[in-house]
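Let's take a walk through this protein together. Have the structure ready to turn around as you read.

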Amino acid sequence: MCERKIIINILIERYENLKAMVKERRPEFDKICAFAENETEYLTAPASSRFHLCKESGLLEHSLNVAETMLKMKNTLAPEISDDSCIVTALFHDLGKAGMPNSPLYIKNISKKNKEPSVPYSVNNDMTYLSVPVRSLYLIMQHFPLTPDEVQAVMYHDGQYVDDNKSVATKECPLLFLLQYADTWSTFVLEKGL
């Protein structure tokens, strides 16, 4: 078995472990998981077109890193927040990066003359433009009912790195802070150089 297949098998095992932890809204959770796994590129998409985890299954790896980090933070800082809310928002905060059914957001660039392309993926410009958080919410809410705190967490998880998020400044719920910090920690610490 090649090294990448071993890594993907480990990612799938981590994903299944997190999925098994969800207790509340289980039928809806199973529905969003089935949708993400079977109708989008969630399990195979990169996390970005050329930055962190720009590789096959990078989105899944990033989502797992965020979920596991978020649960650790929650257990220390906000044990009253449900594991389920953390797992759902962390696993699917970037679902929009998987694209739409039958239309991936990231398209692998083809190598030319036996040379790897300098930018591994291109953004699919044939899709209607939606920011990643908006597309994520659009996809999630068709299959899973989010609470207002969960919506806020997914929508504004990039924090003040995004100018559009200024409107939520000083109005963040604790779940949003947990997701934002777990996402930032995963991206800039755990995944740095990956």
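Predicted model: local features only at pLDDT ≥ 70, side-chain atom pairs only at ≥ 80, totals over all residues.

The side chain of lysine 19 meets that of glutamate 16 in a salt bridge, 3.4 Å from N to O. Both sit in helix α1, three residues apart, or about one turn of the helix. Glutamate 16 is partly exposed, at 38% relative accessibility. Glu16 and Lys19 also belong to a network with Glu37, joined by salt bridges that share partners.

In general, side chains of opposite charge can pair when their charged atoms come close. The count here is eight salt bridges. One of them links arginine 14 to glutamate 68, with the closest N and O atoms 2.7 Å apart. Arginine 14 is in helix α1 and glutamate 68 in helix α3, so this pair ties together parts 54 residues apart in sequence.

Now for the nonpolar side chains. In soluble globular proteins, these tend to be buried together. The largest nonpolar core here has 44 residues, and those touching the most other members include Tyr15, Phe29 and Met70. Helix α3 gives the most to this core, with eight residues.

What about the surface? Tyr161, Trp185, Phe188, Val189 and Leu190 form a nonpolar patch there, with about 570 Å² of accessible area together. Tryptophan 185, in helix α7, counts as partly exposed because its relative accessibility is 46%.

Notes
Residues numbered from 1 in each chain as written. Heavy atoms only, no water. Core = buried A, V, L, I, M, F, W, Y, C linked by side-chain atoms within 4.5 Å. Buried < 20%, exposed > 50% of the residue type's maximum accessible area, 1.4 Å probe, protein only. Helix = DSSP H or I, 4+ residues; strand = E, 2+ residues; numbered from the N terminus. Patch = residues over 30% accessible without salt bridge, like charges linked within 9 Å, V, L, I, M, F, W, Y side chains within 5 Å. Areas by Shrake-Rupley, 256 points an atom, 1.4 Å probe, with all protein chains shown as cover. Salt bridge = Lys/Arg side-chain N within 4 Å of Asp/Glu carboxyl O.
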